[in-house]
Amino acid sequence: MSASGGGKAIIAAFLANMGIALAKFLAWFLSGSASMLAEAIHSVADSGNQLLLLLGGRKAKKAADKEHPFGHGRERYVYAFVVSIILFSVGGLFSIYEGVDKLTHPHELENAWIPLTVLVIAIGLESFSLRTAVKESNHIRGKGQSWVSFVRHAKAPELPVVLLEDIAALTGLTFALLGVGLTVITGDSVWDAVGTLAIGTLLILVAVTLGIETKSLLVGEGATDADYDLIVTAIQTGPEVEKLIHIKTLYLGPDELMVAAKLGFAPEKSLAEVAAEIDIIEARVRAAVSTVGPIYLEPDVYHDDGGPTPSTDAIVVQSEN
């Protein structure tokens, strides 16, 4: 997986989630806290998600073949979309179910200090995981780009997924801590159920957000505005092209951008001259945007029809009066 795939962030998140999941299951077993069970399932789902992201990154490296002539780069988008489904179903829906069950069948917490201790430790571990994800993201996040914009426009799905999962995990842990804490203070287990419902709602919202953003990548996104401008400038900078007639871009994978354009050349140029100039243009485009992969440039003869606009006398029949 490329650096932009955030391999370090994924591994850090996986290790943190596995350790946290075991501790949460133990705390749930000893205390009976619904919030702890919801958080344990959440951590298991997150751990599975990280494995899926790593698997997607590995499959995306497969070489192009006859059936997939542009390679397998979009495998990373597919697995990121599967992650959103798992987070929604396994994490969110189960937590909602557990919260409703706790409301209808309440029972007193036992050994409340255990889940409280585990939650505090888990917050520390998740903070480390989030710090790693933020550090990795800053390597590719645009200067001055907001985090919301980064999540919405990142072409590599792994880092936005890990970022959102870590933020959801920290928020969920806070909900669980409040739920268990208020249950201990008030003696009313309804707060534990409320915390569980809040965790489930949070996970569903994050899953829907991930699903929407990943769906856009699966359907096919073009270059960012900044890269698009760089490509257009690279094409038009030299003297070769008289007119950029139209251009289309498409991400074949997070690290590979396809460029197709129709270019207008002077009619007196020979085929050999046009071919040589296309090679020059391609080199400039690749130098401008490092993620550019296949380039398809269609030459056309450009005719400048922008002559002077005729006066109305030429097109209007005037009366003698």
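**View 1. Where domain 1 meets domain 2.** Ten residues of domain 2 are in contact with eight residues of domain 1 (contact: heavy atoms within 4.5 Å). The model is predicted: local features need pLDDT of at least 70, side-chain atom pairs count only at pLDDT 80 or more, and totals for chains, interfaces and linings use all residues. Residues are numbered from 1 along each chain as its sequence is written, and side-chain values use heavy atoms, with hydrogens and water left out. Domain 1 covers 5–219 and domain 2 covers 225–314; the bounds come from an automatic or database domain assignment. Taken over C-alpha atoms, the two domain centres are 44 Å apart.

**View 2. The area buried between the domains.** Domain 1 and domain 2 bury about 740 Å² between them. Buried area is the accessible area (1.4 Å probe) that two parts lose on being put together, summed over both. Carbon and sulfur atoms give 61% of the area. In domain 1, Phe70, Arg74 and Lys155 lose the most area to domain 2. Together they make up 66% of what that side buries.

**View 3. A salt bridge between Arg76 and Asp255.** The closest N and O atoms of arginine 76 and aspartate 255 are 2.9 Å apart. A salt bridge needs a side-chain nitrogen of Lys or Arg within 4 Å of a carboxyl oxygen of Asp or Glu. Across the interface of domain 1 and domain 2, the rule finds one salt bridge.

**View 4. Lysine 24 and glutamate 39.** Nine salt bridges turn up in a search of the whole structure. Glutamate 39 forms one with lysine 24, with the closest N and O atoms 2.7 Å apart. Lysine 24 lies in helix α1 (residues 7–31) and glutamate 39 in helix α2 (residues 34–59), so the pair ties together parts 15 residues apart in sequence. Helices here are DSSP runs (H or I, at least four residues), numbered from the N terminus.

View 5. The structure holds one aromatic pair. Rings of Phe, Tyr and Trp (its six-membered ring) pair if their centres lie within 6.5 Å; planes over 60 degrees apart count as edge-to-face, under 30 as stacked and the rest as tilted. Tryptophan 147 and phenylalanine 150 are separated by about one helical turn because they are three residues apart in helix α5 (residues 147–153).

Terms used
Helices (H or I, at least four residues) and strands (E, at least two) are DSSP runs, numbered from the N terminus.
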